[in-house]
Amino acid sequence: MSSSPAVADTASDSAATPGSGPGAASGTGDRRRWLALAVVMTAAFMDLVDVTIVNIAIPSIERDLEATFGAIQWITAGYALAFAAGLITGGRLGDIFGRKRLFLIGITGFTIASALCGFAANSEMLVGSRLLQGAMAAMMVPQVLAIIHVTFPAHERGKVFGMFGAIVGLGAVSGPLLGALLTQWNLFGLEWRPIFLINLPVGIAGVLLGRKFITESKAPKALRLDLVGVVMVTVALLMLVYPLTRGRELGWPLWGHLCMVGSLGVFAAFVAYEKYKTRKDGSPLVELALFRVKSFAAGIVVQLTFGVVLGIFFLVWTLYMQIGLGWTPLHAGLTGIPFSLAVSVAAGLSVEKLVPRFGRKVLQAGALTMATGLLLYIWETGRYGMDIVSWQMILPLTVMGLGMGLIVAPLTDAVLSEVPREHSGSASGLINTTQQMGNALGLGLVSVVFFGVVDDRMAGAGAAGGGPGTADAGSGAAGAAARALSEAFADGFQHAMWWVVAVLVAIFGVMFALPVRPKQHVEETAVETA
């Protein structure tokens, strides 16, 4: 039974790269694909770290470049916008022109953009470089899952996705820690710049090793790029994500709400056009037929809502520790280590050991475990207040990390398990886009579930017109204002975490639509009927 996936892999690779031959079955071929996995995993880790590493260095960037608050917003939001807008297109380009080719283009551009960020002379150059970096990441990241999908047969894919989940967990928390260390060390007097320059040796190595070890693959039938679809989905995503990332700074203007509502109409028009495009020439940007695969459709919904959870939690958690509790970036980063380790361990075990035996119950247990960890965290912050210390957070963070690890790796496998091979790039782009949309929704909701509480509490304390650096009428007034701000952030953290718990309960319910047991990947029709 396990030979069928290998046959399908060989057939697909031969179709994609004439003359490649069935060498994957040999020892050399086996070693090459594991080396290729190491290359794409490293690239994925580099991207994950880059998403979170910048936040920690924002004060240093602001001082060095004399950046305005709007520019600081764009340094973080610009990357997310370019990344989310280009992901679906990047996935489809990989299907058409070759996943290896697009991966190499993406990682090369990402490395160049990182250098431009590191050597930025002013905030405008840094914002533009971050936009380029996000666009290049959108070319690179979809190819990671697609290359894994077509390189490894179904019986090995669970182990590989378990490793991928561990990398996701490690990258999620190690970014702030690495950013804190690089900024605090102030290497060669460069202050914040090493957070970008560290990508250069990694990116160069990825290009060189990727050229040597990654096998080219593309959709077996000729596809054409859907330019109209690219424009429509990019406009729709920007109309949704831009107001969410800038809304609070601009006071949630009317045009922002109209844009978000209008994005639904553009998305509907996009779906209608994609149906027309499918009938016309069979080369749509998004294969709508994928949503008829139950595991894919349900997994996408879970991915979206789980992205909301991550978007709310990580931002609020960082603000709570650094502003609410007054911890340094390094202190906050070190506090997250138990969470990171727990995610990595649970992700590695879930797919390889647990999911084959217990199926979707593992993912559901992950949602409930993560919610339990959050409830413990809420209880501890209420019990210890502003006197809470890092070691008291170890238990809730470990429980939360175990829960997250039980979700991240099996979820990817569940979403892609029944996706036809020729659409793996498009499906991978959809998965990443959905998660980014969920993150953006979560970040937008932070303004409601967190900052709304903070603002109300500060107003109630008589400090609505002040801030952390405006109470200079005396040390007593300054101390009272700082205490009020800290308590407001602690209350906001607890309130936001209750919302996260509610979303996790909803995710638990949606997971009933996932397959009861993991299914083998749907191989090519020719192989199935043979």
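Analyst: Happy to! Of the 530 residues in the protein, 55% are buried, meaning under 20% relative accessible area with a 1.4 Å probe and protein chains only. This is a predicted model, where local features need pLDDT of at least 70 and side-chain atom pairs pLDDT of 80 or more, while totals for chains, interfaces and linings use all residues. Residues are numbered from 1 along each chain as its sequence is written, and side-chain values use heavy atoms, without hydrogens and water.

The protein has 18 helices and zero strands; these are DSSP runs numbered from the N terminus, with at least four residues (H or I) for a helix and at least two (E) for a strand.

Let us look closely at α5, which covers residues 123-151. Its 29 residues reach 41 Å from first C-alpha to last, close to the expected 42 Å, a span defined as 1.5 Å times one less than the number of residues. At the start of α5, a side-chain oxygen of N122 comes to within 3.3 Å of the backbone nitrogen of E124. Further along, α5 has a kink of about 25° at A138, shortly before the proline P142; the angle is taken between axes fitted to the seven residues ending at a residue and the seven starting there. α5 is mostly covered, with 22 of its 29 residues buried.

Terms used
Buried < 20%, exposed > 50% of the residue type's maximum accessible area, 1.4 Å probe, protein only. Polar contact = N/O pair within 3.5 Å; in protein donor to acceptor, adjacent residues only side chain to side chain.
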